[in-house]
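Reader: I have a model open and I'd like to learn how to read it feature by feature. Could you walk me through it?

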Amino acid sequence: MLVDLEVAMLDCVVVGAGLAGLCAATKLTEAGRDVVVLEARDRVGGRLENVVVEGVPLEMGGQWISPQHERMCELVDRFGLTCVDPTDGEIVVRVGGSSRKVPTSNEIEEHLSPFEMADLGQGLLRFRRLAERVVKDAAWADANSKWLDQEVSTWAATNLRTPGAREWFANVYDSAMGVSAAESTLLEGLQRVNNGVDMESLIAVNGGVKQQRVAGGVVQVCDRLAEALGEAVRLGAVVTAIEQGSEGVTVTLADGSTVEAREVIITLPPRLVSRIAFTPLLPGWRSELAEKVPAGNVIKAALVFESPWWRRAGLSGQLGSDEGAMRVIFDNSGPVDKHGVLMGFFEGDSSIGKRSQFLRQRAMEETIKTAFGAGHPAAIAYVDRDWYREEYTGGCHGAHFAPGVWTTSGPALAAAEGRVHFAGAEYASKYNGYMEGAVRSGEQVAEQLLA
Ligand SMILES: Cc1cc2nc3c(=O)[nH]c(=O)nc-3n(C[C@H](O)[C@H](O)[C@H](O)COP(=O)(O)OP(=O)(O)OC[C@H]3O[C@@H](n4cnc5c(N)ncnc54)[C@H](O)[C@@H]3O)c2cc1C
């Protein structure tokens, strides 16, 4: 049934049809509430998106889930979707300008002296122990909040003694987190490790979290959730203002129309929340937070080939490198499609990130040629997505908390402001920044409303 938005007083308006918004709306709808999801884009999924090229679905946003991402795995199961394991084969590792092919994570040993290796090992171990302590000992974390606000790179400079080990630590950290060790706080890094990022196996196992992809693209989870919600999902609905009154909220869209509801759930990344005009104003710290919680700046790129030619050479299609514009590459081919897909990331603020798409394609092709050897078939298509420039996302993979921000504002972040509630990957207490965090946060806020 199509709800007449102009006349009906809804139970809840959900702003954003990403995972968090769709999961929140699903829970509320299943409990019999009248809900409308207002989505600015002409598609659902938010930071999850498929682009179909040559009949091949290419995942341009989030893609990996791991077994501990329980809610995501349940959704994948519920919709009868299947997972794709990482590709077997050798990994190419480039260090100091030369390439090696290695079957496991032992590749690091090939390039570091035994002393550097031991240093790196102890550094990673310390990092993990510290991460555990942050979780298990809240009082200790509280007492050391100032110290935990130092940059990860500062911590690494103090705790790793050799330049080789420090360099590897920074490379692995940057690739795993999608943000530089020089820009992350120690607390943020430790929380991400607790959220499942396995730094040691980053290069050996696809993405570092023993991850799997969903065959055909994880965005199908959003498509199915949206299908079930039907007319309740309104696309092309850009929310510009939210006014709270004693009875409910009035949500205003860019076309001037309004929607009335008792409550509103906002699922935008924190940086975008400040674009909405709130009456009364949200507390000052929330707007300040928007400035202090920038999103990462990563461009995700994919090259499509007629076939996954690297597999015939015994390669996994995976690259880890200490140089160049693209330092990690993965095999993103589908499980049944005959085409081959290689996917990698550019740092958006690097010089190549600022150049044209054509030059980025050339840079990726050069990286592949250098790493995997020349003489392979040419790519038949190239696609990339600069999430930083996406109006309704503003960066990827997610927001990262500048020094001092999490300790001062983090715990209050997910708290409601009257009838205005917040959900999304960046509001999750567990798996923050991940799809799993988005699902849990969306469901949690819905449960709170129902209670
Ligand atoms: C390149 C990339 C790689 C990633 N890799 C992984 C990965 O491998 N594994 C993993 O777990 N996570 C990954 N992530 C992160 C993951 O995609 C996100 O954590 C998750 O999808 C966020 O969901 P969300 O619902 O919280 O936010 P979003 O998906 O950002 O949803 C917010 C929605 O709000 C809409 N919106 C914005 N402004 C307005 C407005 N004014 N009015 C109405 N609607 C609006 C947006 O269009 C969007 O649909 C990746 C992300 C990116 C971009």
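**Reading the model**

Author: Let's start with Pro-280, which sits in the loop between strand 13 (277-279) and helix 11 (284-292). Helices (H or I, at least four residues) and strands (E, at least two) are DSSP runs, numbered from the N terminus. Before going on: this is a predicted model, where local features need pLDDT of at least 70 and side-chain atom pairs count only at pLDDT 80 or more, while totals for chains, interfaces and linings use all residues. Residues are numbered from 1 along each chain as its sequence is written, and side-chain values use heavy atoms, with hydrogens and water left out.

Reader: What is the peptide bond from Thr-279 to Pro-280, cis or trans?

Author: Most residues other than glycine have a negative phi, and most peptide bonds are trans. The bond from Thr-279 to Pro-280 is cis, with omega near -10°. For phi, look at Glu-54: its value is positive, about 55°, although it is not a glycine. You'll find Glu-54 in the loop between strand 3 (50-53) and strand 4.

Reader: Okay, now the ligand. Which residues come nearest?

Author: A residue is near a molecule if one of its heavy atoms lies within 4 Å of it. There are 36 residues around the ligand, and Glu-39, Arg-41, Arg-47, Ala-425 and Met-435 come nearest. By class, that shell has 21 nonpolar, eleven polar and four charged residues. Here Ala, Val, Leu, Ile, Met, Phe, Trp, Tyr, Cys and Pro count as nonpolar, Asp, Glu, Lys and Arg as charged, and the others, Gly among them, as polar.

Reader: Which domains and helices supply the shell around the ligand?

Author: Domain 1 (9-47 + 218-293 + 403-450) and domain 2 (50-70 + 83-87 + 211-217 + 296-389) each give at least three residues; the bounds come from an automatic or database domain assignment. Helix 1 (19-30) and helix 15 (435-450) each supply at least two.

Reader: Which backbone atoms lie 2.9 Å from the ligand?

Author: Think polar contacts, meaning pairs of N or O atoms within 3.5 Å; within protein, one must be able to donate a hydrogen and the other to accept it, and residues adjacent in sequence count only if both atoms are side-chain atoms. A polar backbone atom of Ala-20 is 2.9 Å from a ligand oxygen, and a backbone N or O atom of Trp-64 is 2.9 Å from a ligand nitrogen. Ala-40 also takes part, with a backbone N or O atom 3.1 Å from a nitrogen of the ligand. Taken alone, the ligand exposes 1000 Å², and the protein buries 97% of that. These areas come from the Shrake-Rupley method with a 1.4 Å probe; for residues, only the protein chains shown count as cover.

Reader: How many aromatic pairs are there?

Author: A pair of aromatic rings is described by the distance of the centres and the angle of the planes. Rings of Phe, Tyr and Trp (its six-membered ring) pair if their centres lie within 6.5 Å; planes under 30 degrees apart count as stacked, over 60 as edge-to-face and the rest as tilted. The whole structure has eleven pairs. Trp-64 and Phe-330 have ring centres 4.8 Å apart and planes at 75°, so they are edge-to-face. This pair links distant parts of the chain, 266 residues apart, with Phe-330 in strand 16 (residues 326-331).

Reader: Are Trp-64 and Phe-330 buried or exposed?

Author: Both are buried, that is, under 20% relative accessible area; exposed is over 50%, partly exposed in between (1.4 Å probe, protein chains only).
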